[in-house]
Amino acid sequence: MALLRMALVKLARRPATWIVFAILAGLIAVMFLSLGATAGSMESFGDEFQIRLLLDFPNAYDLVAGFTVSFGALLGAVLGAAVIGADWAWGTIRTIIARGESRVRYTLVTFLAIALVLAVGVVITFIIGTGSALVAANIAGLGTEGASDETALREIPELLARTWLGVTQAAAIGFAIAMVFKSQLAGIGAALGFYFAEQILQLVPGLRDILIYFPFTVSSSVVATSEELDLSGFESFPVLDADTALLWSFGYLVIALAIASFAAWRAQITQ
């Protein structure tokens, strides 16, 4: 418990933690406010109708979760890599090992602290996103009575848990890469590279059925989206169903932590 408390305090004091969540909440707020502002100015009635349907509650709850896990996966991977990479750069791991702490235990407890912080961040981001969606719905001239739908409200805890798992799985990937290479820069760079590579490769029709099993695509599929709408004429991409994606996401999380633990156990650390 002492090691976990130390890791949590360390994360709370790092500016990177607050910056990541500020960026995430800001992006989601801007996305919703932009949708609300443009809902009444679309030239195509079909496009305007689709945007209004996305902003209509309780559908908007799924959209908030979708934005949170999509943007949060990238930022979570960056945070995971930044945290453990900084521990290598600052000699924290060397000091901990010199005191007789288990390398594997330190690795897992450090990631547990990251996961707990991400849980808090996901909840706060969801609240901010929901508030932004309510404002956007009012701007678009929509009613918000659906926000109090009892069935939708009962499903929010599960929706948040799924969102947290998707973001945490992505964070584990960045964490593992930074642990393997003992470098914050390598972890962040590789995580960003993998994320954008998956987005670009989605444009290749022959690869789409394969890419649905790739880590960042899986993490974005763990929440059930409201309805697959074809906004602005863009073709919709195939995705895993939410329950299957949940299993794949958990698998990626376990594999990433196993790799990180093995890398820590095998690392040559000079005193």
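Tutor: Let's start with phenylalanine 67, which is in contact (heavy atoms within 4.5 Å) with Ile28, Met31, Phe32, Leu35 and Gly72, leaving aside its neighbours within four places in sequence. This is a predicted model, where local features need pLDDT of at least 70, side-chain atom pairs count only at pLDDT 80 or more, and totals for chains, interfaces and linings use all residues. Residues are numbered from 1 along each chain as its sequence is written, and side-chain values use heavy atoms, with hydrogens and water left out.

Phenylalanine 67 sits in helix α4; helices are DSSP runs of H or I with at least four residues, numbered from the N terminus. With a relative accessible area of 15%, phenylalanine 67 is buried, a word that means under 20% relative accessible area, using a 1.4 Å probe and protein chains only. Serine 220 is 153 residues away from phenylalanine 67 in sequence, yet their C-alpha atoms are 8.7 Å apart in space.

Now follow one of those contacts, Phe32. Not counting residues up to four places away in sequence, phenylalanine 32 touches Phe67 as well as others, including Leu55, Val64, Gly129 and Ala136. Phe32 also belongs to the largest nonpolar core, which has 70 residues, and is among the members that touch the most others there, along with Tyr61, Ile84, Phe111 and Phe126. Such a core is a set of buried Ala, Val, Leu, Ile, Met, Phe, Trp, Tyr and Cys residues joined through side-chain atoms within 4.5 Å. Among the elements giving two or more residues to this core are α2 (15-38), α4 (59-89) and α6 (103-139).

Key: Buried means under 20% relative accessible area, exposed over 50%, partly exposed in between (1.4 Å probe, protein chains only).
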